[in-house]
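Trainee: I would like a close look at one helix and its surroundings. Please take it slowly and give the cut-offs as you go.

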Amino acid sequence: MLLVLSYVWVDEELNNISWKAIDYPGSDPQFKPPSNLKEKDSKSKEVDEGEEAEELYGPLFKGIVNLQHQQQIQVAVGALRKFGFPVTLLSPTTKPPNPSMIIKCDAVVVGSGSGGGVIAGVLANAGYKVLVLEKGSYCARTNLSLLEGPAMEEMYQSSGLVATDNMNVLILAGSTVGGGSTVNWSASIETPSHITREWSDEYELELFRSNLYKEAIDVVCKKMGVQSKIDNEGFNNAVLRKGCEELGGHAITIPRNSTSDHYCGWCCLGCRDGRKKGTAETWLVDLVRSGNGVILPGCEAIKIRQEKEHGRERKRAKGVAFEFWCGSAAKQMCLVESKVTIVACGALNTPPLLKRSGLRNPNIGKNLHLHPVTMAWGYFPAETGM
């Protein structure tokens, strides 16, 4: 822990005294926010909601509704109503756990990552009113620091320091709009055939051996721009490839959801130019441009609302209760009343939400498999010829 902090800590000038010794440049030296960013920020009400504004703030800026500032609550409510979401503001004297507002929609999606982001975009394009709840914040392209410490704090769950009980495995989980697809390393590997065969044969999940599943994979890969070509290979990968070749091993290039000319080395801290096609650059863009959906960052689902319908033995999900910090005040709670409720907040957060909501299936939270990534560091001076 102390070793991590010593290397990611930055001073007022966003510098770390150890970086020079290890030849680390800090933030991407090629990343320069637009020179007119401060001017635009100071005149935010005058920002042209056209191509210039989209280039400055990213393609989701029109669909982000922020509830975190007390003075903006009325603005947020107005934005929700403008998008066609009925909102009821309740008495300001009402105290938690009573809700401060009720929002109605066709579908509420908890999570904006590789699961929630996709289904939200598809439903919105189909004409449904979709509300996306994201626990993390929205980091626009021009708000990225591309510094490990600040980015981990802003874009990862628990600042990237989640671990198993025995501390054997550290878990990196995205907690930002776009989820893990915003901070992953672009690797986009189709489900291996031996895995789909296992799911189909051993667990009788026939879908995974069907043409429908193959077609769905093709649609996803096309939308994400998955391909294996690369123009300039990163230095660390070049070292690994050369080592494999000298040892007689066979190295192949992993398919990525970015263009062949895209390489920055900072993708796990966000994508500065949007060429990595995570959900925040694809399906969530569809959601916003459809005019049928909005994204609420900084809002954490605490319980699924359930009601028992006439003639049905089991209860049915009817929406979500969520919390958010409103300025310096205490947390506020809101209710979402929806026809459809989708829980897609990842392997770490979905089970606790289901259990808090009263679900008792013994499989909830079980059978989680983790990928223990092993990291190695080395110093390769330029004169080595690499």
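What covers the buried residues of H11?

Mentor: The cover of the buried residues of H11 includes H5, strand E3 (130–134), helix H9 (211–224) and E6. A word on the source comes before the detail. This is a predicted model, in which local features need pLDDT of at least 70 and side-chain atom pairs count only at pLDDT 80 or more, while totals for chains, interfaces and linings use all residues. Residues are numbered from 1 along each chain as its sequence is written, and side-chain values use heavy atoms, with hydrogens and water left out.

Start with the setting. The protein has twelve helices and nine strands; these are DSSP runs numbered from the N terminus (helices H or I, at least four residues; strands E, at least two). Of the 386 residues, 38% are buried. Buried means under 20% relative accessible area, exposed over 50%, partly exposed in between, with a 1.4 Å probe and protein chains only. Take contacts between residues at least 6 apart in sequence: 61% of these join residues at least 24 apart. Contact here means heavy atoms within 4.5 Å.

Now H11 itself. The helix is mostly covered, with six of its eight residues buried. The buried ones are Trp283, Leu284, Val285, Asp286, Leu287 and Val288. Just after H11, Gly291 has a positive phi of about 80°. Gly84 sits in the loop between helix H4 (73–82) and strand E1 (87–89). Its relative accessibility is 37%, so Gly84 counts as partly exposed.

Take H5 next. Two packed helices are described by the angle between their axes and the distance between the axes. For H5 (residues 116–125) and H11 (residues 283–290), the axes come within 7 Å and cross at roughly 30°. H5 is therefore roughly parallel to H11. Axes are lines fitted to C-alpha atoms, for helices over the stretch in contact, and angles run from 0 to 180 degrees between N-to-C directions. Angles under 35 degrees count as roughly parallel, over 145 as roughly antiparallel, 65 to 115 as roughly perpendicular and the rest as oblique. The crossing of H5 past H11 is left-handed, that is, the near helix is turned anticlockwise from the far one by less than a right angle (clockwise would be right-handed).

Who makes the contact? H5 supplies Gly117, Val118, Ala120, Gly121, Val122, Ala124 and Asn125, and H11 supplies Trp283, Leu284, Asp286, Leu287 and Ser290. Seven of the contact residues of H5 with H11 are nonpolar, four are polar and one is charged. The classes are these: Ala, Val, Leu, Ile, Met, Phe, Trp, Tyr, Cys and Pro are nonpolar; Asp, Glu, Lys and Arg are charged; the others, Gly among them, are polar.

Turn to E6, also part of the H11 cover. Cys299 lies in the loop between E6 (293–297) and strand E7 (300–308). At 2% relative accessibility, Cys299 counts as buried. Leaving out residues up to four places away in sequence, Cys299 touches Leu67, Gln68, Leu133, Glu134, Lys135, Phe322, Glu323 and Phe324. Gly111 is 188 residues from Cys299 along the chain, with 9.9 Å between the C-alpha atoms.

H9 (211–224) is another part of that cover. Ring pairs link Trp199, Phe208 and Tyr213 into a cluster. Rings of Phe, Tyr and Trp (its six-membered ring) pair if their centres lie within 6.5 Å; planes under 30 degrees apart are stacked, over 60 edge-to-face and the rest tilted. The structure holds four aromatic pairs. In one, the ring centres of Trp199 and Phe208 are 4.8 Å apart with planes at 65°, so the pair is edge-to-face. Phe208 and Tyr213 are also an edge-to-face pair, at 5.0 Å centre to centre and 75° between the planes. Trp199 is partly exposed at 30% relative accessibility. Phe208 is partly exposed at 21%. Tyr213, at 16%, counts as buried.
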